[in-house]
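Hi,

Here is the structure I promised to pass on. Have a look at it first, and then read my notes below.

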Amino acid sequence: MSKNVLELYKIGSRVKLTKDLYGSIVGIHINGDNNIVYECGWWDGNSYSLHNFSSSEIELSDGEKTKIGFL
């Protein structure tokens with residue numbers, strides 16, 4: 001068996017979604033080929049929004065990465 005280790009942002013980390021929009025990671029989805037998708041939430045006025053982002057679409061603002069492994 002091979003051991004795969006993924007490095008990903010922690011749930012609760014603050015991320016930059018666009019130039020002026022920040023949100024928090026509320027969920028992490030790991031799809032085939034270890035593709036990581038982050039579910040991010042943010043407030044816009046009185047409404048709360050959720051959207052999925054790939055790691056290349058977000059920038060870590062406050063938080064850290066963690067490692068998880070699979071056998």
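A quick word on naming before I start: strands, written E, are DSSP runs of at least two residues, numbered from the N terminus. With that in hand, Gly23 is found in strand E3, which covers residues 21-31. Please keep in mind throughout that this is a predicted model.

**The chain as a whole**

The secondary structure comes to seven strands and zero helices, so defined as DSSP runs. Read along the sequence, that gives β-β-β-β-β-β-β. The C-alpha trace spans about 50 × 20 × 15 Å along its principal axes. The chain has 71 residues, and 24% of them count as buried. Its accessible surface comes to about 5000 Å², with 44% of that belonging to carbon and sulfur atoms. Of the contacts with a separation of 6 or more, 46% are between residues 24 or more positions apart. As for charge, there are 7 positive and 9 negative ones, and their mean positions are 7 Å apart.

**The core**

Which residues make up the largest nonpolar core? There are 12 in all: Leu6, Leu8, Tyr9, Val15, Leu17, Ile25, Ile36, Tyr38, Cys40, Trp42, Phe53 and Ile58. Strand E1 (4-9), strand E2 (14-18) and E4 each supply at least two residues of this core. E4 gives the most to it, with four residues.

Leaving aside neighbours within four places in sequence, Ile25 is in contact with Tyr9, Lys10, Ile11, Gly12, Ser13, Val15, Tyr38, Glu39, Cys40 and Ile58. Among these partners, Tyr9, Val15, Tyr38, Cys40 and Ile58 are also listed in the core.

**Around strand E3**

Back to Gly23 for a moment: is this residue buried or exposed? Gly23 counts as buried because its relative accessibility is 4%, and the cut-off for buried is under 20%. Not counting residues up to four places away in sequence, Gly23 touches Ser13, Arg14, Val15, Leu17, Gly41 and Trp42. Its C-alpha atom is separated by 9.3 Å from that of Ser61, 38 residues apart along the chain.

Tyr22 is in strand E3 too, but this residue counts as partly exposed, at 32% relative accessibility. With neighbours within four places in sequence left aside, Tyr22 is in contact with Arg14, Val15, Lys16, Leu17, Trp42 and Ser61. Arg14, Val15, Leu17 and Trp42 are touched by Gly23 and are in contact with Tyr22 as well.

**Loops**

Gly12 has its place in the loop between E1 and E2. Gly12 is exposed, since its relative accessible area is 52% and the cut-off for exposed is over 50%. Gly12 and Ile25 are 13 residues apart in sequence and 5.1 Å apart in space, C-alpha to C-alpha.

The loop between E3 and strand E4 (35-44) holds Asp33, and Asn34 is in the loop between E3 and E4 as well. Check the backbone here: phi of Asp33 is near 60 degrees, a positive value in a residue other than glycine. Asn34 has a positive phi too, of about 55 degrees, although it is not a glycine. Asp33 is exposed, with a relative accessible area of 84%, while Asn34 counts as partly exposed at 32% relative accessibility.

**The salt bridge**

How many salt bridges does the structure hold? It holds one, in which the side chains of Glu7 and Lys65 meet at 3.8 Å, N to O. The pair links distant parts of the chain, 58 residues apart, with Glu7 in strand E1 and Lys65 in strand E7 (residues 65-70). Glu7 is partly exposed, with a relative accessible area of 45%, and Lys65 counts as partly exposed too, at 42% relative accessibility.

That is what I have for now.

Cheers

How values were computed. Residues are numbered from 1 along each chain as its sequence is written. This is a predicted model: local features need pLDDT of at least 70, side-chain atom pairs count only at pLDDT 80 or more; totals for chains, interfaces and linings use all residues. Side-chain values use heavy atoms; hydrogens and water are left out. Buried means under 20% relative accessible area, exposed over 50%, partly exposed in between (1.4 Å probe, protein chains only). Contact means heavy atoms within 4.5 Å. Accessible areas come from the Shrake-Rupley method with a 1.4 Å probe; for residues, only the protein chains shown count as cover. Lys and Arg count as positive and Asp and Glu as negative; His and the chain ends are not counted. The place of a charge is taken as NZ of Lys, CZ of Arg, CG of Asp or CD of Glu. A nonpolar core is a set of buried Ala, Val, Leu, Ile, Met, Phe, Trp, Tyr and Cys residues joined through side-chain atoms within 4.5 Å. A salt bridge is a side-chain nitrogen of Lys or Arg within 4 Å of a carboxyl oxygen of Asp or Glu.
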